[in-house]
Amino acid sequence: MVSFMPGEDQKMIQDMAREFAANELRPKSHDADETDTIPDSVLQAGWELGMVNAVLPADLGGSGMERSAVTGALMCEELAWGDLSMAMALLAPALFAYPVLEFGTEEQKKKYLPKFCEPNFFRATAGLVEPYFNFDLSALKTRAEKKGNAYVLNGDKCLVPLGLSSELYIIWAALDGKPGYEKVAGFIVEKGTAGLKILAREKNMGIKALETAELKLDNLEIPADNRVGGEQGCDFKRIASLSRVALAAMSAGVGRASFEYAKQYAKDRVAFGEPIAHRQAIAFMLAEMAWEVDATRLLAWEAGWELDKKMEGAFKEACLAKLYGDQMVVYVTDCGVQVLGGHGYIREHPVELWLRNGRGFAAFEGMVTV
Amino acid sequence: MIEFELSDGQKNIKKMINSMAGGIMRKWARWADDNEHKRVDEWVNFMWNVLKGMGGGMGGMSSGKPKPAAEGEKKEKKIGSQNMQLAVTVEELSWGDGGLYLAMPFPGLGGAAVMAAGTLEQKEKFLKRFTGGSPKWAAMAITEPGAGSDSAAITTSAVREGDNWVLNGEKIFVTAGKNAVEDSEGFVVVWATVDKSAGRAGIKSFLVDHHTPGMKVTKVEHKLGIRASDTAAIVFEDCKIPLDNILGSAEVKKGFRDVMATFDATRPMVAASAIGVARAALEEVQKQFQAAGVEVRYGVAANNLTARERDLMMMEAQLKASRLLTWRASWMADAGIHNNMEASMAKAKTGRAVTWLTQKAVELLGPLGYSKKLLVEKWLRDAKINDIFEGTGQINTLIVARRILDYTRAELK
């Protein structure tokens, strides 16, 4: 039966994230962007709500809740509605924990997952995106070559969330530099490993508050046991799809933020003797923003649902959801600025921040997961 | 729980209709387009035999208003599936052919109005005829030469005279109008005002039986698309109908809202039909690409795709987005949740999406797309109607805007 009603658990998590976003993220969003920093207290508070570790197994210290891409999408939308940088920072540890949870060897799970069940926010991440205009996650330029009982990694990464301060990284690389999703493997790299060069904190147009780094992998040699999933590896198509659902849901969150703000502004702002929302030119823009956000959300849900059911078409659905979200969020956040006119361009209002953040989605891959 | 799996019953119906549509509908699609208004007997008789056994195929479409629980019935809210089922059915039929779908012998919009606002007697009198005898149609007459989207401006009048209502006025753009009132034993639902000075509140809908004296089809329109479907002008000159043939209350100040509520059920179905036509066009493009060995690389970053790949993916995404919005509105109606805004969202978004999508399909196939050898050019022409009837894209956008802004008609004109 088709249903658009979140289940009880889903509703609970959605409400929790919504409240957290409204109370903790949104009020700090402006200053975080201006100062390029996210207060540690925010990350800690999110951590304590179990945003990452709720789905980790109970015997390793987690809450053992069922992992669901749909539920994850609900949470992602709410967090991104609050602030995209903070949402990505809060969930960055999952970029390491979830692939290990789903595909890791028993040793990898036992060794690493308990760290994510400690009381304090644990910094971990993954490096996927590469600094090339023709970056393609199914044809990574970062190569991994097997040498005896080790892999040697060479390449460049960018847009690595918490890339400077993480204790653990998964570095995604193409086996022998060959193209294809099936050739992409993840490698567990601990902070301080020789050959892992953390170049600099990036300066981007948006998501300024999020610490992102450029990395260089310079003959980085790691034991073969550190390949996620061991010799069998992992299903990178699925990992990429989970990330796309998360990103699509986040684009809906950013779009919704802009829509809601513009809507309220248009009702309050008086010109020619009446609120500008009384004019179709404004009202129609708002209507379209509303349904475009809804459409993206539903695409993310459907793709997430297919991933949860492990359906064949899930990969394509996730691609399309992200493609749609990428375009929607640019359009909708631009409309948000436009509705506010000159005021939209001023940094006192958040709509310009959402436009800068929204513009990034087309370039984002694998920076968040569900 | 959030779920996107159709029930087994819905899947079966979808499969069944798809096979029928791929056969008989596609077989006649081009002929019906070339021979405007000519009845396709094979299709009409086939559908009539199917539908009459299903009670006219109305399937209990509801308008999103919860039905009061019958005595002894459990009070807990039960989610139905009629609207979802209908959305799936309509998409599949329209995938076969959007024009032939509209030319099906069935109660259609007129029947929907009777279902939504009719008394038991009216349902018996006007809907039962769809279960036997010869093929029949029903139609809905709202638009007038001087009143389109502003349906409150209609001038067709209904005056009480003894035991009758007497109708006077002219209706245009009546889908299946000729089939309903002259070429079969069907009926038409006519919007008329009982008190012009009362504006919207004075508008009521009336059931007019086929061949009622004083009613005459004066014109059948020649159209851009959906040519299999007749679009009639009907003139009423002192047309007398029984007093009981009013839908809902005769009292001024009551009823317009009920009449408008019908749209909450029918708009998602128009969207579903649009999705069917657009899907046909998308599939043809995919087929042509595949035959020519054009690969579409899903999962490659959008900035690395060819224009062709990007267009095709966006067509797919737009179609899915439209379908999900349509399913949501239908599901809400089934769940008894007020869906006025979502129904208009689905309609406005889908109307625009399919217009874009079908013109892209023609564009992507070059001279082949423009040629009548394929049905793609026809699908472009057929799809466009969905951005117009049952409320233009602009009117539906206006409804969405009023809802999200919480504005009255006076605040947002």
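In the predicted model, the domain assignment divides chain B into domain 1, residues 107–251, and domain 2, residues 256–405. The C-alpha centres of these two domains of chain B are 29 Å apart. Their contact involves 14 residues of domain 1 of chain B and 15 residues of domain 2 of chain B. On the domain 1 side, at least two residues each are supplied by helix α5 (108–117) and strand β5 (203–209) of chain B. Of these elements, α5(B) provides the largest share of that side, 5 residues. The residues on the side of domain 1 of chain B that touches domain 2 of chain B comprise 9 nonpolar, 4 polar and 1 charged.

Chain B also meets chain A, in a contact that takes 35 residues from chain B and 38 residues from chain A. On the chain B side, the elements giving two or more residues are α9 (307–334), α10 (340–364) and α13 (393–405) of chain B. Helix α9(B) gives the most to this side, with 10 residues. When the residues of the side of chain B that touches chain A are sorted by class, 22 are nonpolar, 6 are polar and 7 are charged.

Chain A contains 9 helices and 9 strands. Its radius of gyration is 20 Å, close to the 21 Å that the globule rule gives for 370 residues, so chain A is as compact as a globular protein of that length. The C-alpha trace of chain A spans about 75 × 45 × 40 Å along its principal axes. Of the 370 residues in chain A, 56% are buried. Contacts in chain A between residues at least 6 apart in sequence were also examined, and 75% of them join residues at least 24 apart.

The domain assignment of chain A gives domain 1 (8–121), domain 2 (125–232) and domain 3 (236–363). A distance of 22 Å separates the C-alpha centres of domain 1 of chain A and domain 2 of chain A. Across the contact of this pair, 20 residues of domain 1 of chain A meet 15 residues of domain 2 of chain A. Three helices of chain A, α1 (8–35), α4 (84–103) and α5 (106–112), each contribute at least two residues to the side of domain 1 that touches domain 2. The largest share of this side comes from α4(A), which supplies 11 residues. By class, the side of domain 1 of chain A that touches domain 2 of chain A holds 13 nonpolar, 5 polar and 2 charged residues.

Helix α4(A) also packs against another helix of chain A, α3 (residues 69–82). Two packed helices are described by the angle between their axes and the distance between the axes. For α3(A) and α4(A), the angle is about 135° and the axes lie 6 Å apart. Angles of 65 to 115 degrees count as roughly perpendicular and those over 145 as roughly antiparallel, and α3(A) and α4(A) are therefore oblique to each other. In this contact, A:C76, A:L79, A:A80 and A:G82 of α3(A) meet A:L84, A:M86, A:A87 and A:L90 of α4(A). The contact of α3(A) with α4(A) has 7 nonpolar residues, 1 polar residue and no charged residues.

Notes. Residues numbered from 1 in each chain as written. Chains lettered and ligands numbered in written order. Predicted model: local features only at pLDDT ≥ 70, side-chain atom pairs only at ≥ 80, totals over all residues. Domains from an automatic or database assignment. Contact = placed C-beta atoms within 7 Å. Helix = DSSP H or I, 4+ residues; strand = E, 2+ residues; numbered from the N terminus. Nonpolar A, V, L, I, M, F, W, Y, C, P; charged D, E, K, R; others polar. Rg over C-alpha atoms; globule rule 2.2 N^0.38 Å. Buried ≥ 20, exposed ≤ 12 C-beta atoms within 10 Å, placed from the backbone. Axes fitted to C-alpha atoms, helices over the stretch in contact; angles between N-to-C directions. Parallel < 35°, antiparallel > 145°, perpendicular 65-115°, else oblique.
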